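Thanks for coming. I will walk through a few places in this chain, loops and helix pairs, and you can follow along on the screen.

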Amino acid sequence: MRVVLLSGGGGGARFARGLADVLEPGELAVVGNVGDDVEILGLHVSPDLDSLLYTLAGLIDSERGWGRADETWNALQSAADWGGENWFRLGDRDLGLHLVRTTLLRTGVGLSTITASLVDLAGVDVRILPATDDPLRTHVVTPAGRFSFQEWFVGRRHADDVDAVEYEGSDKARPAPGVVDAIAAADAILVAPSNPYLSIGPILAVEEVRGAVLGRRTRCVAVSPLVGGTAVTGPVDRMLSRMAGGATPRHVTDCYKAFIDALVIDEADAPAEADVELVVARTLMRTSEDERRLATLVLEAACG
């Protein structure tokens with residue numbers, strides 16, 4: 001099979017790991033969100049791409065759900081001692097990757113080429129494709145003002161309600177090499193249990209990526225990020241309630257109108273109604289077995 005997954009980090013990365021476990025090497029390509037990318041202390045950080053890489057490579061800190069395992073924070077503390085910013089947590093091990101990425105970007109190497117090299121060095125048999133190599137940044141509009149994603153999510157701890165999400169640079173962004181071809185050749189297109197506005201929205205904001213998914217020749221199946229109408233992590237339930245009018249399977253599918261053929265929902269959200277086929281499952285991924293079980297069920301729904 002050739003499978004394409006649209007994904008952010010966090011739960012999307014765990015779902016990607018489950019897919020990688022049940023598919024053959026090389027069968028999975030993950031199109032990752034870059035709307036969260038940010039420059040910290042002069043370094044280009046790609047949080048969602050890194051979460052995907054670290055999770056698939058077995059390097060993720062499973063307790064925090066982000067960053068490297070066995071991390072230390074000496075460099076960040078030293079930077080803070082000298083007056084540098086420390087609101088965005090960068091560990092010592094993590095810094096090594098950001099140093100390499102930033103150096104290569106400054107020499108003109110594209111983000112997708114750099115990501116492919118990192119994946120190869122990590123020994124991962126999954127293609128991780130940034131949605132675009134061009135600058136595309138997510139901003140949120142709140143009653144307190146307009147903020148870049150990381151300023152709102154990390155700096156302000158996503159306390160502000162969100163009235164709108166904007167994808168700055170999307171009008172000029174082109175798909176990264178390989179993205180459109182992977183979607184066109186896919187036997188199944190999947191959408192991870194990621195935030196529709198903050199993780200999947202920036203991917204689909206790239207016009208040619210959006211067009212490729214709309215023009216697909218196969219089924220597209222999404223996994224709901226809700227369990228019992230609430231978010232496992234993050235603010236997706238609050239955002240759906242405020243921006244879509246509720247936090248039910250129907251409100252999730254409304255975010256993906258014309259994109260998906262089916263939505264996999266958790267048992268706690270059933271029974272439910274929506275404009276697409278609903279598949280009921282246990283979607284909470286606490287263990288690697290949970291990840292594999294969910295991956296298998298979603299693949300069956302995509303190929304059914």
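Pro143 sits in the loop that runs between strand E6, residues 137–142, and strand E7, residues 145–148. Keep in mind throughout that this is a predicted model. Is Pro143 buried or exposed? Its relative accessibility is 62%, and because exposed means over 50%, Pro143 counts as exposed. Once neighbours within four places in sequence are set aside, Pro143 is in contact with Asp161, Asp163 and Arg242. For a sense of distance, take Ala79, which is 64 residues away from Pro143 along the chain: the two C-alpha atoms are separated by 33 Å.

Next, two residues with a positive phi. Asp70 has a phi near 55 degrees, which is positive, and Asp70 is a residue other than glycine. You will find Asp70 in the loop between H2 and helix H3, the latter being residues 74–81. Asp70 is exposed, with a relative accessible area of 65%. The second one is Ala258, again not a glycine, with a positive phi of about 75 degrees. Ala258 belongs to the loop between helix H11, residues 249–255, and E13. At 59% relative accessibility, Ala258 counts as exposed.

Pro271 lies in the loop between strand E13, residues 262–266, and strand E14, residues 277–281.

Now a helix pair. How do H2 and H4 pack? Helix H2 covers residues 47–56 and helix H4 covers residues 92–106; their axes are 12 Å apart, at an angle of about 125 degrees. That angle makes H2 oblique to H4. The crossing of H2 past H4 is right-handed. On the H2 side the residues are Asp50, Leu53 and Tyr54, and they meet Asp94, Leu97, His98 and Arg101 in H4. Sorted by class, this contact has three nonpolar residues, one polar and three charged.

The other pair is H8 and helix H10, where H10 is residues 236–243. Their axes come within 10 Å and cross at roughly 80 degrees. H8 and H10 are therefore roughly perpendicular to each other. Which residues meet here? From H8 they are Pro196, Tyr197 and Leu198, and from H10 they are Val236, Met239, Leu240 and Met243. By class, the contact of H8 with H10 has seven nonpolar residues, no polar and no charged.

Asn195 is in the loop between strand E9, residues 188–191, and helix H8, residues 196–204. Its relative accessible area is 10%, and since buried means under 20%, Asn195 is buried. What does its side chain reach? The side chain of Asn195 comes to the backbone nitrogen of Leu198, at 3.1 Å. That Leu198 is one of the H8 residues in the contact with H10. Leaving aside neighbours within four places in sequence, Asn195 is in contact with Ile200, Pro235, Val236 and Met239. Val236 and Met239 are among the H10 residues that meet H8.

Conventions
Residues are numbered from 1 along each chain as its sequence is written. This is a predicted model: local features need pLDDT of at least 70, side-chain atom pairs count only at pLDDT 80 or more; totals for chains, interfaces and linings use all residues. Side-chain values use heavy atoms; hydrogens and water are left out. Helices (H or I, at least four residues) and strands (E, at least two) are DSSP runs, numbered from the N terminus. Buried means under 20% relative accessible area, exposed over 50%, partly exposed in between (1.4 Å probe, protein chains only). A polar contact is a pair of N or O atoms within 3.5 Å; within protein, one must be able to donate a hydrogen and the other to accept it, and residues adjacent in sequence count only if both atoms are side-chain atoms. Contact means heavy atoms within 4.5 Å. Axes are lines fitted to C-alpha atoms, for helices over the stretch in contact, and angles run from 0 to 180 degrees between N-to-C directions. Angles under 35 degrees count as roughly parallel, over 145 as roughly antiparallel, 65 to 115 as roughly perpendicular and the rest as oblique. A crossing is left-handed if the near helix is turned anticlockwise from the far one by less than a right angle, and right-handed if clockwise. Ala, Val, Leu, Ile, Met, Phe, Trp, Tyr, Cys and Pro count as nonpolar, Asp, Glu, Lys and Arg as charged, and the others, Gly among them, as polar.
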